[in-house]
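Here is a short walk through one protein model. Keep the coordinates open and follow along.

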Amino acid sequence: MHRAWILFFLIEEGFALAQRTKDLPSDHGAQTPNQNDCGTWVRNINGGVFTSPNYPTTYPPNKECVYILEALPRQRIQLAFDKNYYIEPSFECRFDHIEIRDGPFGFSPLIDRLCGGKNPGLVTSTGRFMWIKFTSDEELEGLGFRIKYTFIADPDFHLHVGGLLNPIPDCQFEIGGWDGIIRSSQVEEEEKVKPGDALDCIWTIRAPPQSKIYLRFMEYQMEHSNECKKNFVAVYDGSSAIENLKAKFCSTVANDVMLDNGVGVVRMWADETSRLSRFRMLFTSFVDHQNRNISKSKTIDRRQGNLEVRKS
């Protein structure tokens, strides 16, 4: 089933976290969000549109809106700007501007930074995510923009003889049960990534039915601490969708994480210069009865910040 999501987020410390959502009806045409909103999202199986606040009238001052687009695997995202386009011009677009990045994060590779009155034409991602931020300062507002987004086939994936698609290169692990260990060393052991290449791997944890997940780092070291663009470990609660981000660690310390769902996702990113980054994590499944963490055969006690697992 063809699905595509566009999520609009407010920024906190350079990383987009979900602010609020609103589901609009979809059809075979594009849907326009409430023009006074800056932080809604639109669902449309065939793409859609989004606009600057108040479009087609002047956008307000002191606005910051982040739009995150996601297509299906093997698809790319294409933006088409409406002909009525104007953002306050400035040298290097230092004031009002649109910033477009090739990925789902504020630190993804920059595609372009736009302002002025010249229509940018078509803008295309190289993958299935695109991060877009619109910023206006305290003075000299303009008409703004209306952008239509569509999803196109990724030309890097070709058909084999017999019509089978090439597999998407990945580094993924599945693990389940009441408890277990997740190790970054699995990547080398199972030769998921070539030595010297950047690492982007996902561990999916599936707890038994009706249970939740508790995560504790037993080992954690980032080769380039406090440089999230180079290496980090992220934890998602329920799925790997960006709105389910629970915690992200790239400094010298990683804290325990309690999830609200029975599915947890751990993602590790390390660029080519950060392959010595590593972690080892204990996961424990439990059932929460009247605020007491009780599983079929285990009880989790948290005493003085320590996690103990014992049979009941």
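**Disulfides and a sheet**

The S-S bond of Cys-93 and Cys-115 has a torsion of about -80°, so this disulfide is left-handed. The two sulfur atoms sit 2.2 Å apart. The model is a predicted one. A pair of cysteine sulfur atoms counts as a disulfide within 2.5 Å, and by this rule there are three disulfides.

Stay with this pair. Cys-93 lies in the loop between strand 6 (75-81) and strand 7 (97-101). Cys-115 lies in the loop between strand 8 (110-114) and strand 9 (122-124). The two cysteines are 22 residues apart, and the bond links distant parts of the chain. Buried means under 20% relative accessible area. Cys-93 has 9%, so Cys-93 is buried. Cys-115 has 16% relative accessibility, so Cys-115 counts as buried too.

Now move along to Cys-171 and Cys-201. Their sulfur atoms are 2.1 Å apart, and the two form a disulfide. Which hand does this disulfide have? The torsion about the S-S bond is about 90°, so the disulfide is right-handed. Cys-171 lies in the loop between strand 11 (146-153) and strand 12 (172-176), while Cys-201 lies in strand 14 (residues 199-206). The pair therefore ties together parts that are 30 residues apart in sequence. Both Cys-171 and Cys-201 are buried.

Next comes the bond between Cys-228 and Cys-250. Here the S to S distance is 1.9 Å. Cys-228 sits in the loop between strand 15 (212-221) and strand 16 (231-237). Cys-250 sits in the loop between strand 17 (245-249) and strand 18 (257-258). The pair therefore ties together parts that are 22 residues apart in sequence. Are these cysteines buried or partly exposed? Cys-228 has 23% relative accessibility, so Cys-228 counts as partly exposed. Cys-250 has a relative accessible area of 11%, so Cys-250 is buried.

Several of these strands belong to a sheet. Strands of a sheet pair through backbone hydrogen bonds, either parallel or antiparallel. In this model, five strands form an open sheet in the order 12-14-19-16-17, and the pairing is mixed. Which strands are at the edges? Strand 12 and strand 17 are, since each pairs on one side only. From one strand to the next, the twist averages 15°.

Finally, look at strand 16 and strand 17. The two run antiparallel, joined by four bridges. Across from Ala-234 stands Lys-248, in strand 17.

Notes: Residues are numbered from 1 along each chain as its sequence is written. This is a predicted model: local features need pLDDT of at least 70, side-chain atom pairs count only at pLDDT 80 or more; totals for chains, interfaces and linings use all residues. Side-chain values use heavy atoms; hydrogens and water are left out. Buried means under 20% relative accessible area, exposed over 50%, partly exposed in between (1.4 Å probe, protein chains only). Two strands pair if DSSP finds at least two bridges between them. Axes are lines fitted to C-alpha atoms, for helices over the stretch in contact, and angles run from 0 to 180 degrees between N-to-C directions.
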